[in-house]
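Please look through the sequence and the model below before reading on.

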Amino acid sequence: MRSHILSTVALFLSIWDLPLAVAASWGFNDATVSVHGKKAGVGGGEKQKLVQHKSLPDPVLLGESDTLKILLTTIEDKKASRPHQAFLLLREPKSNLDTSFPLSIKESGKGKLELSHKDLPVQFSSRSQTLSASLVIASFGSSKPHRSHAFDLKIEFDPSSPPKSVDKPLRYGKLPEIHHIFKSDPKSPPKIITIVFAGAVIAALPSLLIVWLSLGANINHTSKAFGSSPLSHTAFFLSILAMEGIFFMYYTSWNLFQTLPGAAVVGLISFLSGSRALREVQERRLAGLR
């Protein structure tokens, strides 16, 4: 009886452990690697077959004008399938510096990669060296990813060609101090020019007064105007003088930020008082007083 129970427990344990033993895994088949020269035609490169978990005995030579080509079919649990990622991993054994190149995989699982000297980073393409090449295939899910050393890639250069120039890498750090040179403040024109133009404006005032009188201006209505609306006429007249004073201060000493607030206040007073003063003039015009 006890032996029967033990055999039953063993049977259940073996069934429970069965999925773990036969879990699906990623891999590849029908894989080849070839190197095509610059003048070689389609299919001109010698192909070598790649096998899972077994690297090629001899390194693959990649010259300056050559192109490395890898063809394979990715499989999951022995069925062709497209993984989430599949790439060729190149690693320099001494420094452990590595870089990866993704394969172009179709829905059918067929993948392709072409690689030349211009695709390699500067650290791998500046001198002759041998790199370790591994194929990495993985995806989402419970399938075990695949990674195996496929071959050694020997980077070769033409001895007669000049060495490649390597740009100095960008380093972030403290930069030299920048000394800003600002433009000097604008200077006022010579005083003689200012005096000449100011005199011309002042000299034009009597001429303006004469023309004003010749056009029919009646200064006899001054007292009546100030009597009817003293506040609006006085404020309008003083606002004009104040605006001229603001322009004078701006020309001599004020900056724009000092001038704008004063001009806004005086302009508002001039608008309100001027509209009321013109209303009073209109009333006299309608009354027949000219």
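A contact, as the word is used here, means heavy atoms within 4.5 Å. The model is a predicted one, in which local features need pLDDT of at least 70 and side-chain atom pairs count only at pLDDT 80 or more, while totals for chains, interfaces and linings use all residues. Residues are numbered from 1 along each chain as its sequence is written, and side-chain values use heavy atoms, with hydrogens and water left out.

The protein chain has six helices and eleven strands, these being DSSP runs numbered from the N terminus, with helices (H or I) of at least four residues and strands (E) of at least two. Of its 290 residues, 25% count as buried, a term that stands for under 20% relative accessible area, against over 50% for exposed and partly exposed in between, with a 1.4 Å probe and protein chains only. Among contacts between residues at least 6 apart in sequence, 68% join residues at least 24 apart.

The strands can be followed from E4 (residues 67–76), where pairing requires that DSSP finds at least two bridges between two strands. Strand E1 (residues 26–36) runs antiparallel to E4 and is joined to it by nine bridges, with Thr-73 in E4 as the bridge partner of Asn-29. Strand E9 (residues 110–116) is also antiparallel to E4, through seven bridges, and Glu-114 in E9 is the bridge partner of Lys-69.

Five strands form an open sheet of mixed pairing, in the order E3-E11-E10-E6-E7. Strand E3 (60–62) and strand E7 (98–102) stand at the edges with a single partner strand each, so one side of each is left without a neighbour in the sheet. From one strand to the next the twist averages 30°, the axes being lines fitted to C-alpha atoms (for helices over the stretch in contact) and the angles running from 0 to 180 degrees between N-to-C directions. Within this sheet, strand E6 (residues 85–91) and E7 pair in the antiparallel sense over five bridges, and Arg-91 stands opposite Asp-98 in E7.

Helix H5 (residues 230–252) has 23 residues and reaches 33 Å from its first C-alpha to its last, close to the 33 Å expected at 1.5 Å a residue, a span taken as 1.5 Å times one less than the number of residues. Its buried residues are Ser-232, His-233, Ser-239, Met-243 and Ile-246, and what covers them includes helix H4 (222–228) and helix H6 (256–286). Ser-239 counts as buried because its relative accessibility is 5%. Leaving aside residues up to four places away in sequence, Ser-239 touches Val-266, Ile-269, Ser-270 and Ser-273.
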